[in-house]
Amino acid sequence: MRVLLCDDDEAILTQLQAYLLEYFGENQLEPPEVCLYADGSLLLAAEDCPGGQRADLAFLDVEMPGVSGIDVGAWLMERSPHCKIFIVTSYPDYLDDAMRFHVFRYLSKPLDKRRLFRNLKEALYQLSVDTHPVFLETGSESLTLYADEIVLVESQGRRAAVQTVEGRYLSTQSMGHWEKVLLDIGSFYQPHRGFLVNMKFVRRFSGDLITLCGPDGREYRAYLTRRRHKDFKNTYMLYLEAMR
């Protein structure tokens with residue numbers, strides 16, 4: 001686990017590092033590798049932290065000498081798409097800019113430790129979902145995906161079609177196999193016996209149909225049985241609340 005802290009306020013860097021180590025210690029988690037930077041340009045040019053430009057978590061100030069936290073965040077997301085980015089600032093006016101690269105949380109100064117710990121718990125859970133490895137076999141190749149890359153799975157007789165953000169694969173594994181693999185992951189739901197959907201990509205649903213949208217804007221559809229409509233709605237609302 002690599003965490004990047006970037007702020008021109010040394011006191012905030014020290015406090016953040018202490019809080020992080022305290023949280024990981026209290027929860028009996030392996031201590032993270034923490035890299036500290038006083039401004040964005042130093043982070044971008046980092047050689048002191050091996051692979052410093054790759055991160056699992058990043059806490060970024062907005063107004064810093066050199067490169068701003070907004071620009072650093074956008075740059076990081078290009079290299080570490082699963083990175084959970086926290087914007088830490090006294091200036092809420094930058095919220096709209098931060099949302100351009102799907103900032104995970106927006107934390108105000110001075111830091112509230114209880115809120116930070118609550119958000120850390122959510123970030124680590126979502127990170128575990130996003131980076132959960134999934135093995136897929138087709139008739140011609142075998143590959144490993146992240147669960148976060150799967151939009152939906154559709155039954156195809158004894159096989160299953162797996163729609164990912166990169167393309168569609170006809171898996172030699174059965175629908176039963178995919179149910180066992182994906183339903184233990186919090187973001188997946190089975191709205192119909194022939195479909196598994198990743199709620200991250202759900203855009204709308206009504207009646208007996210769920211519409212999902214991939215990163216490229218392409219839409220996909222899955223059936224929703226009447227008897228599961230209420231449960232799906234409740235589960236989806238809980239998912240959205242957890243991601244707020």
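This is a predicted model: local features need pLDDT of at least 70, side-chain atom pairs count only at pLDDT 80 or more; totals for chains, interfaces and linings use all residues.
Residues are numbered from 1 along each chain as its sequence is written, and side-chain values use heavy atoms, with hydrogens and water left out.

Visitor: How many salt bridges does the structure hold?
Guide: Side chains of opposite charge can pair when their charged atoms come close. A salt bridge here is a side-chain nitrogen of Lys or Arg within 4 Å of a carboxyl oxygen of Asp or Glu. By that criterion, the number of salt bridges in the structure is nine.

Visitor: Which residue meets Arg2 in a salt bridge?
Guide: The N to O distance of this pair is 3.1 Å. Arg2 lies in strand E1 and its partner in strand E2 (residues 33-37), so the pair ties together parts that are 31 residues apart in sequence; strands are DSSP runs of E with at least two residues, and helices are runs of H or I with at least four, numbered from the N terminus. The partner of Arg2 is Glu33.

Visitor: Is Arg2 buried or exposed?
Guide: Buried means under 20% relative accessible area, exposed over 50%, and partly exposed in between (1.4 Å probe, protein chains only). Glu33, with 34%, is partly exposed. Arg2 has a relative accessible area of 9%, so Arg2 is buried.

Visitor: Which residues are linked with Asp61 in a network of salt bridges?
Guide: The side chain of Asp61 meets that of Lys109 in a salt bridge of 3.5 Å, N to O. This pair links distant parts of the chain, 48 residues apart: Lys109 is in the loop between strand E5 (105-108) and helix H5 (113-130), and Asp61 is in the loop between strand E3 (57-60) and helix H3 (69-79). The residues in the network with Asp61 are Lys109 and Asp7.

Visitor: Which residue forms a salt bridge with Arg204?
Guide: The closest N and O atoms of the two are 3.1 Å apart. Arg204 is in strand E13 (residues 202-206) and its partner in strand E15 (residues 219-223). That partner is Glu219.

Visitor: How many disulfides does the structure hold?
Guide: A disulfide is a pair of cysteine sulfur atoms within 2.5 Å. The sulfur of Cys83 is 12 Å from the closest cysteine sulfur, in Cys35, which is too far for a bond. The number of disulfides is zero.
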